[in-house]
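Hi,

Here is the structure I promised to pass on. Have a look at it first, and my notes on helix packing and aromatic rings follow below.

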Amino acid sequence: MEQAALDEVIISRAIIDRYIEKLRSNLETDVVIVGGGPSGLVAGYYLAKAGKKVALFERKLSIGGGMWGGGMLFNEIVVQEDALHVLDDFGVRYRKYEQNYYTADAIETVATLTAGAVRAGVCIFNCVSVEDVMMRSEQITGLVINWSPVEMSGLHVDPLSVRARFVIDATGHATEVVKVVQRKVPGKLDTPTGQIEGEKSMWAERAENDTVRNTREIFPGLYVTGMAANATFGGPRMGPIFGGMLLSGVKVASELIHRLS
Ligand code: 48F
């Protein structure tokens, strides 16, 4: 049987057309998420499932943030009982280790959360870094984005901007969006000092509870989730237990679904 002709230029045109289509249709969204770690992916999934338009920008080529390597590159993660329903929603398999300690394969978890988010309707742009926010008199109204390779090489290239009704900082320990807001946007953060409180050392049990409690609006139009929530509000770190990350994603999604409706 003769093979159908394949034209390199059509392949290129198909990629360019489809990508531009995605980019154009995500210049204005309900919610834009910065960071494709567990909290950002879970938040995006529930928002998209509720019919909200969601874009997610991830600096790296790969989605998944700090989940791939489990603990110290042992690629298993621990999830506590309270958060198992999130793994169930996505279809991630897990095994009981002891009462309240369940384990899941880190690779399966990242892959399944990612597929779940995309299939729910989240549009993920990898290799794109968020370098600034868009503001209107003390309100965050969107993000300023650039290619990660441009950022990495230090090329002097102006960025592009996207508008959203709400922004979620899901950048993990780095808290990158909140840092920009603290530095460049007039007004104060909604923390005790009005500044980023800074992440504290390891205390898994407290950190897991704090992560969910600290998940909220930190500045008009800007929410924090996951490790970024703890870093912003001065909560401790928790290491490779991920229930708090998953539940934080659920919480920010449900608050925003409420505000958007
Ligand atoms: O760090 P990360 O996985 O965030 P998370 O959802 O989960 C934290 C856990 O992985 C772990 C932990 C739990 O025990 O403490 O660390 O809070 O994912 C954050 C993602 O954000 C991306 C970064 O590459 C990573 O994939 N990111 C950070 N800054 C930017 C960004 C930026 N300016 N623009 C785009 N992506």
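Let's start with α7 and α9, which are roughly parallel to each other (that label means an angle under 35 degrees; over 145 is roughly antiparallel, 65 to 115 roughly perpendicular and the rest oblique). Before I go on, this is a predicted model, where local features need pLDDT of at least 70 and side-chain atom pairs count only at pLDDT 80 or more, while totals for chains, interfaces and linings use all residues. Residues are numbered from 1 along each chain as its sequence is written, and side-chain values use heavy atoms, with hydrogens and water left out.

Helix α7 covers residues 204–213 and α9 residues 243–260; they pack at about 10 degrees with axes 8 Å apart. Helices here are DSSP runs (H or I, at least four residues), strands likewise (E, at least two), numbered from the N terminus. Axes are lines fitted to C-alpha atoms, for helices over the stretch in contact, and angles run from 0 to 180 degrees between N-to-C directions.

On the α7 side, Glu208, Thr211, Val212 and Arg213 make the contact (heavy atoms within 4.5 Å), meeting residues of α9 that include Met245, Leu247 and Lys251. Ala207, Glu208, Asp210 and Thr211 are the buried residues of α7 (under 20% relative accessible area with a 1.4 Å probe, protein chains only; exposed is over 50%, partly exposed in between). They pack against α8 (227–233), β13 (236–237) and α9.

Next come α2 (residues 38–49) and α4 (residues 106–120), whose axes come within 8 Å and cross at roughly 30 degrees. These two are therefore roughly parallel as well. Tyr45 is among the α2 residues that meet α4, along with Leu41 and Val42; Leu113 and Ala117 are among their partners in α4.

Tyr45 also turns up among the rings. There are eight aromatic pairs, counting rings of Phe, Tyr and Trp (its six-membered ring) with centres within 6.5 Å; planes under 30 degrees apart are stacked, over 60 edge-to-face and the rest tilted. Tyr45 and Phe90 have ring centres 4.0 Å apart and planes at 35 degrees, so this pair is tilted. It links α2 to α3 (residues 84–90), across 45 residues, and both Tyr45 and Phe90 are buried.

Phe166 and Tyr223 pair edge-to-face, at 6.0 Å between centres and 80 degrees between planes. Phe166 is in β9 (residues 160–169) and Tyr223 in β12 (residues 222–224), so parts 57 residues apart in sequence are tied together. Finally, ring pairs join Tyr19, Phe57, Phe125 and Trp147 into a cluster.

Cheers
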